[in-house]
Amino acid sequence: MASLLNNTGAAFLWPLTTMYMHNYLHETLTTAGVVMLFMSICMMTGNYLGGWLFDHWDQYRTAVMGVSISTLAIFALIFAHDWPWFAVLMMLNSFGDGINMTIVNSYGALVTDHSSRYVFNYIYMAFNVGVVIGTLAVGVLLPISVVLVFSVATAFYVLLTLVVILALNVRVSLPPKAKQPTGKERSMATHHRALVLIWLILLNFMTIHLSYSLWESVMAVHMTNMGIPFYAYSMLWTLNGLLIIVGQPLVNKLSPYVKLSNQIMVGILIFASSFLFLIVARNLWAFIIDFIILTIGEMTSFAGLPAWIAQLTDVNEAGHYQGLLNITISVGRAIGPLYGGFVIERGNYQELFISVFLMMTITLLFVFCAVLSWRRLKDNRNNNTQN
């Protein structure tokens, strides 16, 4: 519920930020880009601080602090949405949302009566339901009044605040860090390989969101340049959300039959291949097929990544590593539009699609090699324990 309400409220805001600044506040696109960059930096700061406070301070107070910051910022936008207050309050909201995102994932990592795979699949589905509701509603409300957009978004954040205050005040007693029974050297080797695997997963996830952010930025220009209307581009996101709402419960049913790491790596490969298909896409139906391929890859990989990180780390470090995961998302989203514009200005869209495909597949290959090394070490440890 927290994921649903937070992302519904946020989805009222992120689609209109650049357009509102340019068309309503009459700021340049460069200024809008700088504001978006600082919003990403604020979100990364919130991601890290939220994770650190979750592990080292107080879980519940951290959650209340994050939701209070984001809710107050959106409430203030109802009354102060001129320049530069709009930019300042959007950055403050991004900082609060950064804390909120990490808190939701960190609490999810501590759930014990369901598998982490189950928990994060449903958190991710709630995220996408929120995106569908928010992006559809903002298109209806903005022509009426921007104040109405901020008012309805505030209502969702107020509901989020109530959920956090009433439902997340749960004291979770973390167990002491587990000690490996097979000796200090073996424990250190296992820890080292786990860290290498985690950082390679984070690197791969950063390239994925760098690539994904191209759909939120340069792809709108690419499609309209081909004569495809903007509303058709925006409806692709609705299609994406609806497919995930329908398909994510089906993905959950794979858990008894497919190892989580294998499912994620196959999903990332499908996701990356959609960018290779973009090279030959020339009409709306081709883009629809491509977005369906992208969504299938997204469904089978994105939701499982927080669960995979949770499996590889100690529960005492849940906030730290879930925060790092959210930071990589923000880094990719910050770099992607800049990278896309740079490549297109000096080359073309085809070169851009090939380059991001190579980024994702090469880093995925590193992850695959690290997984093989990790599994070999675990098998050897199990054999030695049996002997």
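At what angle do the axes of helix H1 and helix H7 cross? I looked this up in a predicted model, where local features need pLDDT of at least 70, side-chain atom pairs count only at pLDDT 80 or more, and totals for chains, interfaces and linings use all residues. I number residues from 1 along each chain as its sequence is written, and side-chain values use heavy atoms, with hydrogens and water left out.

Entry: H1 and H7. The axes of H1 (residues 2-11) and H7 (residues 146-167) cross at roughly 160° and come within 8 Å. Axes are lines fitted to C-alpha atoms, for helices over the stretch in contact, with angles from 0 to 180 degrees between N-to-C directions. H1 and H7 are therefore roughly antiparallel (angles over 145 degrees). I noted the crossing as left-handed (the near helix is turned anticlockwise from the far one by less than a right angle).

I listed the residues in contact (heavy atoms within 4.5 Å). From H1, Ala-2, Leu-5, Asn-6, Thr-8, Gly-9 and Ala-10 meet Ala-153, Phe-156, Tyr-157, Leu-159, Leu-160 and Val-163 of H7.

Entry: Tyr-321. I found Tyr-321 in helix H14 (residues 318-346). Helices are DSSP runs (H or I, at least four residues), and strands are runs of E of at least two, numbered from the N terminus. Tyr-321 has a relative accessible area of 8% and is buried (under 20%, 1.4 Å probe, protein chains only). Leaving aside neighbours within four places in sequence, Tyr-321 contacts Leu-195, Ile-198, Ile-309 and Thr-313. Ile-309 is twelve residues from Tyr-321 in sequence, and their C-alpha atoms are 7.2 Å apart.

Entry: whole chain. I recorded 15 helices and zero strands in the protein chain. Of its 387 residues, 52% count as buried.

Note on methods. Angles under 35 degrees count as roughly parallel, over 145 as roughly antiparallel, 65 to 115 as roughly perpendicular and the rest as oblique. Buried means under 20% relative accessible area, exposed over 50%, partly exposed in between (1.4 Å probe, protein chains only).
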